[in-house]
Amino acid sequence: MLSKKTKYAIKALVALGKNVENPPMQIVRLAEQEMIPRKFLEQILLDLRNAGYLYSKKGAGGGYSLNKNAADIYLADILRITDGPIAMVPCASLKFYRKCDECHDEKTCGIRKTFIDVRDATLQVLSRTSVADVIARENTDDLLV
């Protein structure tokens, strides 16, 4: 399941992506508009800024804005910044690989092979879905349930 931290990060990026023609957005306004606890949002925005996705301006007229085009910010990257590995088991992770303690042989492990397939399917969607894509989907009726 998607963590609140990741969901809030995506919500904040979407809001900032819609705000590109306006002055930087203040944390208080962003938190209220997206219904995100302010202190939690501050940490999330700091992580995204440190990763190069956001620009922050201090003082009067200050706030946050995107440092990259919304079309160049992919959900897979955001998930890794906020939650770490995308894979559900450490031995299936591409960027955060760790051998499972209880595993006897990774080459024959059916669990690992299954979750590599899950990771690959998830990455296929998240690696090609940008913040701009999420914004565009807000105005469509293509909800799959």
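Colleague: Which residues line the largest cavity?

Modeller: First, a word on the source: this is a predicted model, in which local features need pLDDT of at least 70 and side-chain atom pairs count only at pLDDT 80 or more, while totals for chains, interfaces and linings use all residues. Residues are numbered from 1 along each chain as its sequence is written, and side-chain values use heavy atoms, with hydrogens and water left out. In general, rolling a probe the size of a water molecule over the atoms shows where empty space is left. Here a cavity is a set of points, on a 1 Å grid over the protein atoms alone, where a 1.4 Å probe fits but cannot get out, and lining residues have an atom within 4 Å of a point. The lining of the largest cavity consists of Arg80, Pro85, Ile86, Ala87, Ser93, Leu94, Lys95, Phe96, Arg119 and Leu123.

Colleague: How much space lies in the largest cavity, and what classes of residue make up its lining?

Modeller: The space amounts to about 40 Å³, where a volume is the space filled by probe spheres set on the points, and grid points are joined across faces, edges and corners. The count is one cavity of 30 Å³ or more. Its lining has six nonpolar, one polar and three charged residues; Ala, Val, Leu, Ile, Met, Phe, Trp, Tyr, Cys and Pro count as nonpolar, Asp, Glu, Lys and Arg as charged, and the others, Gly among them, as polar.

Colleague: How many salt bridges does a search of the whole structure find?

Modeller: Side chains of opposite charge can pair when their charged atoms come close. The criterion is a side-chain nitrogen of Lys or Arg within 4 Å of a carboxyl oxygen of Asp or Glu, and the search finds five salt bridges. One of them joins Lys5 and Asp47, at 3.2 Å from N to O. Lys5 belongs to helix H1 (residues 4-18) and Asp47 to helix H3 (residues 38-50), so this pair ties together parts that are 42 residues apart in sequence. Helices are DSSP runs (H or I, at least four residues), numbered from the N terminus.

Colleague: Is Asp47 buried or exposed?

Modeller: Buried means under 20% relative accessible area, exposed over 50%, and partly exposed in between (1.4 Å probe, protein chains only). Asp47 counts as buried because its relative accessibility is 19%, whereas Lys5, at 22%, counts as partly exposed.

Colleague: Which residue meets Lys18 in a salt bridge?

Modeller: The partner is Glu138, at 2.5 Å from N to O. This pair links distant parts of the chain, with Lys18 in helix H1 and Glu138 in the segment after helix H6 (131-137), 120 residues apart. Lys18 is partly exposed at 48%, and Glu138 is partly exposed at 42%. Arg119, which also lines the largest cavity, meets Asp120 in a salt bridge of 2.7 Å, N to O. Arg119 is buried at 11%, while Asp120 is partly exposed at 36%.

Colleague: How many disulfides does the search find?

Modeller: A disulfide is a covalent bond between the sulfur atoms of two cysteines. The criterion is a pair of cysteine sulfur atoms within 2.5 Å, and the search of the whole structure finds zero disulfides. Cys103 is in no disulfide, and the nearest cysteine sulfur, that of Cys109, is 4.4 Å away. Cys103 is buried at 17%, and Cys109 is buried at 18%.

Key:
On a 1 Å grid over the protein atoms alone, a cavity is a set of points where a 1.4 Å probe fits but cannot get out, and a pocket is an open set with protein on both sides within 12 Å along at least five of seven lines; lining residues have an atom within 4 Å of a point. Helices (H or I, at least four residues) and strands (E, at least two) are DSSP runs, numbered from the N terminus.
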